Every structure is written in C-alpha cells, then in structure tokens.
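Here is a short briefing for a reader who is new to this structure. Please look over the sequence and the model before reading on.

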Amino acid sequence: MMLYTHILAGVFVFTIVSEIVNPSANPGFISLAFMISIIAAIAPDFDMVFELVPRKLRIVKHRGITHTLLALIASSAIITIYNKLLAVYYSFGYGSHLLLDGVTKSGIKPFYPFKYKLRGPITTGGLSEIPVAAILIISVWILA
Ligand SMILES: [Zn+2]
C-alpha cells in the first residue's frame, strides 16, 4: 500500500482504539497517541531506507523482517515498557500496516522465519487501492 493509505489506517486505528480504551481527556496524551498510531502505521516501511544502499550490501530488504509478526511483537514490547496504553495504539497501528500490505499482490511473509506468504488482490498504488483508502476515510468520518 501507498504511504497515504497507511497514514489513513493510522488515523482509523487511533479512532477505533480511542473508542475502545477511552483514554483520559489529557490533550497531551491524546496527541501522543495520535502520533504513535500514525508512526506505527508507517513504521514497517522504514526498511526502505536500505533501498539507498547498493543491492549487494543490503542487510534488510523491503517487506522483509519489518513486515513480520516478530517485528510487531518485539517493537510493541519495547513500547510497553514505556507506556502500556500507548503500546495498544502502537500495536494496532503496526498491525494495520501488516494487514494492508498483506492484501496486496506483492504480499508479506508475516510468520518469518517460515516462508508462508500472505497476499491478496490489491495492486499497491493501483486503482484497487482507492476503495481501501475511501473506506478508511468514511469509517473515520462516521466514527469521529
Ligand atoms: Zn509496507
């Protein structure tokens, strides 16, 4: 999925999780939870930094280890040490990324080191991604 779809998913996750956990009315916490949701929703694609490194020297490839449940669990555990409630936002944000990339034709291998590939019918950046983004926008609009 494209960056804009992942960001929309982060906003969607923030909206849903806030409905469920009903955070305190502390504006500072709510702002932080919003940022964490969006950062988590795009975090797995930070592996694209390695696209700048020559192919033979790359230790991390795109949609590799950062697009696994292992990365989700490990990074969520680190956030949990800091704040359990923020970790809920983070986990769902990160999970939204894996789910969205998992329904694309390129897919992901969520159960690393096992080779099972999760994939779907959507072309990243294609017309089929637009309804996904639209559903996210409409969902947030309805819930907000
Ligand atoms: Zn991705």
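This is a predicted model: local features need pLDDT of at least 70, side-chain atom pairs count only at pLDDT 80 or more; totals for chains, interfaces and linings use all residues.

The protein has five helices and zero strands.

**Overall fold**

- Read from the N terminus, the elements run α-α-α-α-α.
- The radius of gyration is 16 Å, close to the 15 Å that the globule rule gives for 144 residues, so the protein is as compact as a globular protein of that length.
- Along the principal axes, the C-alpha atoms fill a box of roughly 50 × 35 × 25 Å.
- Buried residues account for 27% of the 144 residues.
- Take the contacts between residues at least 6 apart in sequence: 60% of them join residues at least 24 apart.

**How helix pairs are described**

- Two packed helices are described by the angle between their axes and by the distance between those axes.

**Helices H3 and H4**

- H3 covers residues 69–82 and H4 covers residues 84–102.
- Their axes lie 7 Å apart, at an angle of about 160°.
- Angles over 145 degrees count as roughly antiparallel, and H3 and H4 are therefore roughly antiparallel to each other.
- Their crossing is right-handed.
- On the H3 side, the contact involves Leu72, Ser75, Ser76, Ile79, Thr80 and Tyr82.
- On the H4 side, these meet Lys84, Leu86, Ala87, Tyr90, Ser91, Tyr94, Gly95 and Leu98.
- By class, the contact of H3 with H4 has eight nonpolar, five polar and one charged residues.

**Helices H1 and H5**

- H1 spans residues 3–21, and H5 spans residues 129–143.
- The two axes come within 9 Å and cross at roughly 30°.
- Angles under 35 degrees count as roughly parallel, and H1 and H5 are therefore roughly parallel to each other.
- H1 and H5 cross in a left-handed way.
- H1 contributes Tyr4, Thr5, Leu8, Ala9, Val11, Phe12, Thr15, Ile16 and Glu19 to the contact.
- H5 contributes Glu129, Val132, Ala133, Leu136, Ile137, Ser139, Val140 and Leu143.
- The classes in the contact of H1 with H5 are 12 nonpolar, three polar and two charged residues.

**Helices H1 and H4**

- H1 also packs with H4, at an angle of about 140° and with the axes 9 Å apart.
- H1 and H4 are therefore oblique to each other.
- H1 passes H4 in a right-handed crossing.
- From H1, the contact residues are Thr5, His6, Ala9, Gly10, Val13, Phe14, Val17 and Val21.
- From H4, they are Leu85, Val88, Tyr89, Phe92, Gly93, Ser96, His97 and Leu100.
- The contact of H1 with H4 has 10 nonpolar, six polar and no charged residues.

**Alanine 43: a buried loop residue**

- Alanine 43 sits in the loop between H2 (27–42) and H3.
- Alanine 43 has 20 other C-beta atoms within 10 Å, so it is buried; the cut-off for buried is 20 or more.
- Leaving aside neighbours within four places in sequence, alanine 43 is in contact with Tyr94 and His97.
- Alanine 43 and isoleucine 79 are 36 residues apart in sequence, and their C-alpha atoms are 13 Å apart.

**Isoleucine 138: an exposed helix residue**

- Isoleucine 138 is part of helix H5.
- Isoleucine 138 counts as exposed because it has 10 C-beta neighbours inside 10 Å; exposed means 12 or fewer.
- Isoleucine 108 is 30 residues from isoleucine 138 along the chain, and their C-alpha atoms are separated by 26 Å.

**Backbone exceptions**

- Most residues other than glycine have a negative phi, and most peptide bonds are trans.
- Arginine 63 is not a glycine, yet it has a positive phi of about 60°.
- Arginine 63 is found in the loop between H2 and H3.
- With 18 other C-beta atoms within 10 Å, arginine 63 is partly exposed.
- The peptide bond from tyrosine 112 to proline 113 is cis, with omega near 10°.
- Proline 113 is placed in the loop between H4 and H5.

Conventions: Residues are numbered from 1 along each chain as its sequence is written. Axes are lines fitted to C-alpha atoms, for helices over the stretch in contact, and angles run from 0 to 180 degrees between N-to-C directions. Helices (H or I, at least four residues) and strands (E, at least two) are DSSP runs, numbered from the N terminus. Angles under 35 degrees count as roughly parallel, over 145 as roughly antiparallel, 65 to 115 as roughly perpendicular and the rest as oblique. A crossing is left-handed if the near helix is turned anticlockwise from the far one by less than a right angle, and right-handed if clockwise. Two residues are in contact if their C-beta atoms, placed from the backbone, lie within 7 Å. Ala, Val, Leu, Ile, Met, Phe, Trp, Tyr, Cys and Pro count as nonpolar, Asp, Glu, Lys and Arg as charged, and the others, Gly among them, as polar. The radius of gyration is taken over C-alpha atoms; the globule rule is 2.2 Å times the number of residues to the power 0.38.
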